[in-house]
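Hello,

Here is the structure I said I would pass on. My notes follow it, grouped by topic.

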Amino acid sequence: MGPVSADDARWMGAALTLASRGRGQTSPNPSVGCVIVRDGMVVGRGWTQPGGRPHAEAMALADAGAAAVGATVYVTLEPCAHVSARGPACADLLLAAKVARVVVALGDPDPRTNGKGLARLAAAGIETIAGVRADEARATMAGFLSRIENGRPHVTLKLATSLDGCIAMADGESRWITGPEARAHAHLERSRHEAVLVGRGTWDVDQPKLDVRLPGLESRSPSRVVLSSARGEGDTAWIDSPAAIADLPGDHLFIEGGAGAAAAFLAQDLVDRLVLYRAPILIGRGRAALGDIGLGALGDAHDRWTCTDTRQLGRDRLEVYERVRCLPGS
C-alpha cells in the first residue's frame, strides 16, 4: 500500500459522484464509479450501467483507450476478480490496460472477490491503495451492502408533514402539504429506488401513480408495492408484512405512506434513512404522521438517528436522517 494524497481524495470524490448516477438501476450489482487520471488529467470515466453491466472500470477503460497505460485508476469498489457470463473480471481488464496504480474506496464483500481483486493487481506490481473515502462509498452502495449484510433492501421512509407533525387534515385532505419544490425532490428520490411502497389505506383512498414525473427521468419510475394483509389485483406487488421486503427485487425501497405503513416499518426497525419534508404550516387537529411504533420509554427514542443533510426547498424544509447502527464486527 502506498501513501494517500490530497489528490487521491479529490479524484475519489469524482468517482463517488459518478457512482451516484446508477443508484436504483444496477441491481443486483452495486453502483460503482471510476475515474482514470494520467498526468493530472482525467482520461477516462465510467459508472455501472443499468442492469449491472458494463462495470464502471470497463466503461472507464474503454473511454480512456491507450491513455490508460501508466495511469491511476480511482474506483469506489474493489475491482471484481471473477469472470462471469456477463463480462470479464475488472481486475484482469486493469492488468491488460497496464495501469500503474489503483486507488479503491471500499473492499468488495462479495466472496468471489473480497480482497482477491486487489491482491491480483498487487501481485502484478501495480500499486494499490484501499480505504480512501470509504464511509462515503458505503453510503453510495447502501442498497448493495444492505442485501449482503441484512438480506434485504435499504429502506428510506419519506414523510411530508406540517410543523406540528400532521400529514393531512382530520378529514384526510392532504393535497398539498408541501410545495412544488419539495414534491419535485420527492420524485427525484423515487427515481433512485427500484421500488416504492404505500399502505393499503393510502392505495385505496389516493390511488397514487407513484411514478417519476420529472422531465428526462420518467423511465426511472420504480415498481409499486402495497403493504396489506389482503392481496389486490394488477401488476402491483403486494406484501403482508414489513419482513416480506426481503423477497422484493432490487436493493432500494422507498416508503411513501401512510401513517400505518410508516409505523409498521419503524416498529420493526427496518428504516435505514428518513427523508422529512416539513411545511411551514400548522394544522392542529389533523392526522398524525405516525401510528404506534412500539416505543417503551422516552429514553429509547434517543441516539437512534443522525442528521446528514438539511436544506431549503422553496418554502419547505428538507431534513435527512440516517439510522445509527453498529457496523458488522464493530
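Glu127 counts as partly exposed, at 29% relative accessibility. The model is a predicted one, so please read the values below as computed from it.

Salt bridges

Glu127 is a partner in a salt bridge: its side chain meets that of Arg101, with an N to O distance of 3.4 Å. This pair links distant parts of the chain, since Arg101 belongs to strand β4 (residues 101-106) and Glu127 to strand β5 (residues 127-130), 26 residues apart. As background, side chains of opposite charge can pair when their charged atoms come close. In total, the structure holds 21 salt bridges.

Another of them joins the side chains of Arg323 and Asp269, at 2.9 Å from N to O. Arg323 sits in strand β15 (residues 316-323) and Asp269 in the loop between α9 (259-267) and β12 (273-278), so the pair ties together parts 54 residues apart in sequence. Arg323 is buried, with a relative accessible area of 15%, while Asp269 is partly exposed, at 27%.

The side chains of Arg311 and Asp309 also form a salt bridge, with 2.6 Å between N and O. Both partners are partly exposed: Arg311 has a relative accessible area of 39%, and Asp309 has one of 23%. Salt bridges with shared partners also build one network, made up of Arg152, Asp269, Asp272, Arg304, Arg323 and Arg325. The pair of Arg323 and Asp269 described above has both of its residues in that network.

Cysteines

How many disulfides does the structure hold? The count is 0. For Cys80, the closest cysteine sulfur is in Cys90, at 3.8 Å, which is too far for a bond, because a disulfide needs the two sulfur atoms within 2.5 Å. Cys80 is buried, with a relative accessible area of 6%. Cys90 is buried too, with a relative accessible area of 1%.

Annotated site

Which residues does the UniProt annotation "binding site" cover? According to that record, an unreviewed entry, they are Ser174, Arg190, Asp206, Leu210, Arg213 and Glu256. The lining of the second largest pocket includes Ser174, Arg190, Asp206, Leu210, Arg213 and Glu256. I looked further into two of these residues.

Ser174 is located in the loop between β7 (166-169) and α7 (180-191). At 28% relative accessibility, Ser174 counts as partly exposed. Apart from neighbours within four places in sequence, Ser174 is in contact with Ile167 and Ala168.

Is Arg190 buried or exposed? Arg190 is buried, with a relative accessible area of 9%, and its place is in helix α7. Again setting aside neighbours within four places in sequence, Arg190 touches Leu210, Asp211, Val212, Arg213, Arg220, Pro222, Phe254 and Glu256. Among these contacts of Arg190 are Leu210, Arg213 and Glu256, which the "binding site" annotation also covers.

Regards

Key
Residues are numbered from 1 along each chain as its sequence is written. This is a predicted model: local features need pLDDT of at least 70, side-chain atom pairs count only at pLDDT 80 or more; totals for chains, interfaces and linings use all residues. Side-chain values use heavy atoms; hydrogens and water are left out. A salt bridge is a side-chain nitrogen of Lys or Arg within 4 Å of a carboxyl oxygen of Asp or Glu. Helices (H or I, at least four residues) and strands (E, at least two) are DSSP runs, numbered from the N terminus. Buried means under 20% relative accessible area, exposed over 50%, partly exposed in between (1.4 Å probe, protein chains only). UniProt positions are given in the numbering used here, feature names are shortened, and annotations may be inferred rather than shown by experiment. On a 1 Å grid over the protein atoms alone, a cavity is a set of points where a 1.4 Å probe fits but cannot get out, and a pocket is an open set with protein on both sides within 12 Å along at least five of seven lines; lining residues have an atom within 4 Å of a point. Contact means heavy atoms within 4.5 Å.
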